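Please consult the sequence and the structure alongside the text.

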Amino acid sequence: MNTQNSNFIKGIIDRDLADGTYKSIVTRFPPEPNGYLHIGHAKSVVLNFGLAEEYNGRCHLRFDDTNPETENEEYIRSIKETVAWLGFDWGEHLYFASAYFEQFYKYAQKLIKDGKAYVDSQNETEIRENRGTVNEPGKPSLYRNRTVEENLALFHEMREGKYRNGEHVLRARIDMASPHMILRDPLLYRIKHAYHYLQGDDWCIYPMYDFAHPLEDAIEDVTHSLCTLEFDTNRVLYDWVLENCLKPEELPTRPHQYEFARLNLTYTIMGKRKLLRLVNENLVTGWDDPRLPTIAGLRKRGVPAAAIREFCRSIGVTRTESTVEMSHFEHVLRDHLNFIAPRINAVTEPLKVVITNFPEGKTDWVEGSYWPRDVDKEGSRKIPFTRELYIERDDFRENPPDGFYRLAPGREVRLRYGYFVTCEKVVKNDAGEIDYLECTYDPETRGGDAPNGRNPGGTLHWVSAMHGVPAEFREYNRLFKSADPESGDEDFTEHLNPGSLTVVRGYVEPDVREHPTDERFQFERIGYFWQDPDESTPDHLIFNQIVPLRDTWTEKEGTESQAEIEQKRRERELEKQRQRERSSAGDRYPWEDLSGSQRVTFQRYVDEYSLDRENAAIIARDDDLSGFFEEALTAYENASAVAKWMVNKLLAVHKETPVNQMKVSPEQFGAYVEMISTDVISTRAADDVFDEMLETGDDPSDIVEREGLQQVSDEGALEPVIEKILADNPDKVERYRDGQKGLLGFFMGQVMRETGGTANPELTKEILSQMLNN
RNA sequence: UCGGGGGUCGUCUAAUGGCAAGACCUCGGCCUUUGGCGCCGAUAAUUGGGGUUCGAAUCCCUGCCCCCGAGCCA
């Protein structure tokens, strides 16, 4: 799992560092202190602090404490502790948004002075109603045109506490008709007569997130401000605030916001309110219930911080909404624990075994390694073997089913590191339940090997009845029965798994006492456990199961039959069919929605230049594009070709940088198309030429001349190159001849690379196929 | 409906115009003093349609589906 993880954010950072935008990076983890951290936050913590580590930058821990009504110090304490536990150090970089209140206030005054903010005195309902909807524009407030002086005075009075909650707000003056709801004069400040746990009663106006956050980032010289996807729509305001508050010279190094998908996990929930409900309604034992995805819960359960970090790194960072399977988390956990957890034995549901031919009162101390072969670690302990033992109830069957190779009447098994034993008799109580087993052991098999090479099918774990330490075991299962408990109309609590906690009592081998109380063990054949940090005592050991061992024997509930798989396949096929129908039912053509004048242009292109209807419409519907097109024709009169290359090459760039801001002139583009159409350059080299044109604004002919990109259509020149490539890749040639025709693309790519893209592709392909086929 | 974002094996993630790859899950096998670990193998994907190109998951057009946005929350 040590893949060299990259992601789109690292791509951005690499770019920013390479082009000198920033000298080094600064990230931040900005929790609001109004809840406990969960594994979703851990993703963000690991991302932000991890990036800072990797790039030798720094990461700030900043509390976004702009709403005193919901936040408190206990959360601050807990969050700090959790981030530290996760293994990250913010050093001196601990910050609070509330410490910047004075600066925010000054920025707000600046906006007012610049006519970009005003005090609105509508009430909450009016503001909401006048905001409009996604389909209707909002209406400007009556107070929108107050003078700067009036606004300044009012705002000052708001701060002075002259007004009650809700009487006034400060709003940015942007655009009440914007299709971005966020830009319809967003609120910057509201009046809250509330005690702030850090600022006391100093303030009765508090900034909104959208105003405060970008400024916090800027104040701290944050470079990359990472947040989750739902803030995507806020970014336009983030940028507005910075561009309108900062000094021009500060803008080049200002922070930028990037969004990534939040973490979702199957069989659990991550929402603050829902988590809170579970706690408040006593459906779990508290915020640190080991079944919860909270860091506190995971920690109490015994999940090491390193495993959480590893998990967070393994899932990647993208912009696609995703739900990671719990089994993946469990895999990472086991993978980690496998190397750090010494093995010992514990019997969680004991069945007594009496070894009838073993002397009463005798203890035989056998040796057992802490580590299996595959873990490169040393160490072992002595395990007491006695006449009376416990084995796991599940490890015995009176009537063993097929494939069961544990203990059964008359059968011999190995007791791990002990002896081979054979079940001679099943002793039952009056109720007909199995009371205990009578077995005999083979003294020749001490340690678990038979001198004659005999090898029983099963190996069982066991604990001496005389020496075993009684213990309670808490086995945790998934909190919800459903992979997606939040879907469906019913309340999510209805999906709670009644079997999420099983408490059983059994025995642990005495060596457990020789270990630190926070040691994580693998109880062989059961799972990974550790002592509950709060409740376990020397007199009453309580073990929490961190994660069970993978079990490939017990019947799985979720596995599907062949028929079900087939059924699914059919359903998918059907769904594809329906999708096809829906898609074609809605099909449109680009010429369907042209305005009057565009329609005229379109018609002219079709009639006069015989353009393809689609290309004609695409160019005609954009005035910049049609202007560019017609000018390009003055340099090269082949209209179809110009149109085609415009649509297929220029359009992608035009979306970012409109054609009239590009360095490429229409005449240059015309000349460029001519070079392609007349075979002066290959379509492959055309890409490079175009990139160069975009960057330098040079004439295509100059670029081609300079870089020697003229197309090579001479067989004599191409053949040696191709021969060499084939000779260098004999394995690929063989695979191609064996039928892997897709490799032609590989060879084409090689030739193109070798020739700087100048090879005539058709000709190359022809020669290539010829050579490969004999 | 308007604006924004997204859509690659069941799941998560690669492939930055050139061999659709890896991991988890599932299934088979090998190995085994843990029915663990490990190893080998199998199943399995580019959202539909059209276009550009020698070559498209990637570029263009056009649908379909999903998520976010109308808090004085963050």
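## Helix packing, RNA contacts and sheets

Helix α17 (residues 639-656) packs against helix α18 (residues 666-677) at an angle of about 105 degrees, and their axes are 10 Å apart. Because angles of 65 to 115 degrees count as roughly perpendicular, α17 and α18 are therefore roughly perpendicular to each other. Axes are lines fitted to C-alpha atoms, for helices over the stretch in contact, and angles run from 0 to 180 degrees between N-to-C directions. Helices (H or I, at least four residues) and strands (E, at least two) are DSSP runs, numbered from the N terminus.

On the α17 side, the contact (heavy atoms within 4.5 Å) is made by A641, V642, W645, M646, K649 and L650, and on the α18 side by F669, Y672, V673, I676 and S677. These residues divide into 9 nonpolar, 1 polar and 1 charged. Ala, Val, Leu, Ile, Met, Phe, Trp, Tyr, Cys and Pro count as nonpolar, Asp, Glu, Lys and Arg as charged, and the others, Gly among them, as polar.

The model is predicted: local features need pLDDT of at least 70, side-chain atom pairs count only at pLDDT 80 or more, and totals for chains, interfaces and linings use all residues. Residues are numbered from 1 along each chain as its sequence is written, chains are lettered from A and ligands numbered from 1 in the order in which they are written, and side-chain values use heavy atoms, with hydrogens and water left out.

Around RNA strand B there are 102 residues, of which N135, R343, G447, R572 and S583 come nearest; a residue is near the strand if one of its heavy atoms lies within 4 Å of it. By class, this surface has 26 nonpolar, 36 polar and 40 charged residues. Of the RNA atoms within 4 Å of the protein, 67% belong to sugar or phosphate and the rest to bases.

| Residue | Atom of RNA strand B | Distance |
|---|---|---|
| D232 | sugar or linking oxygen | 2.6 Å |
| Y405 | base nitrogen | 3.1 Å |
| E762 | phosphate oxygen | 3.4 Å |

Strand β12 (residues 350-355) is joined to strand β15 (residues 388-392) by 5 bridges in the antiparallel sense, with L351 opposite I391. β12 also pairs with strand β18 (residues 434-442), in the parallel sense over 4 bridges, and V354 has E438 as its bridge partner there. Two strands pair if DSSP finds at least two bridges between them.

Definitions and conventions. Parallel < 35°, antiparallel > 145°, perpendicular 65-115°, else oblique. Polar contact = N/O pair within 3.5 Å; in protein donor to acceptor, adjacent residues only side chain to side chain.
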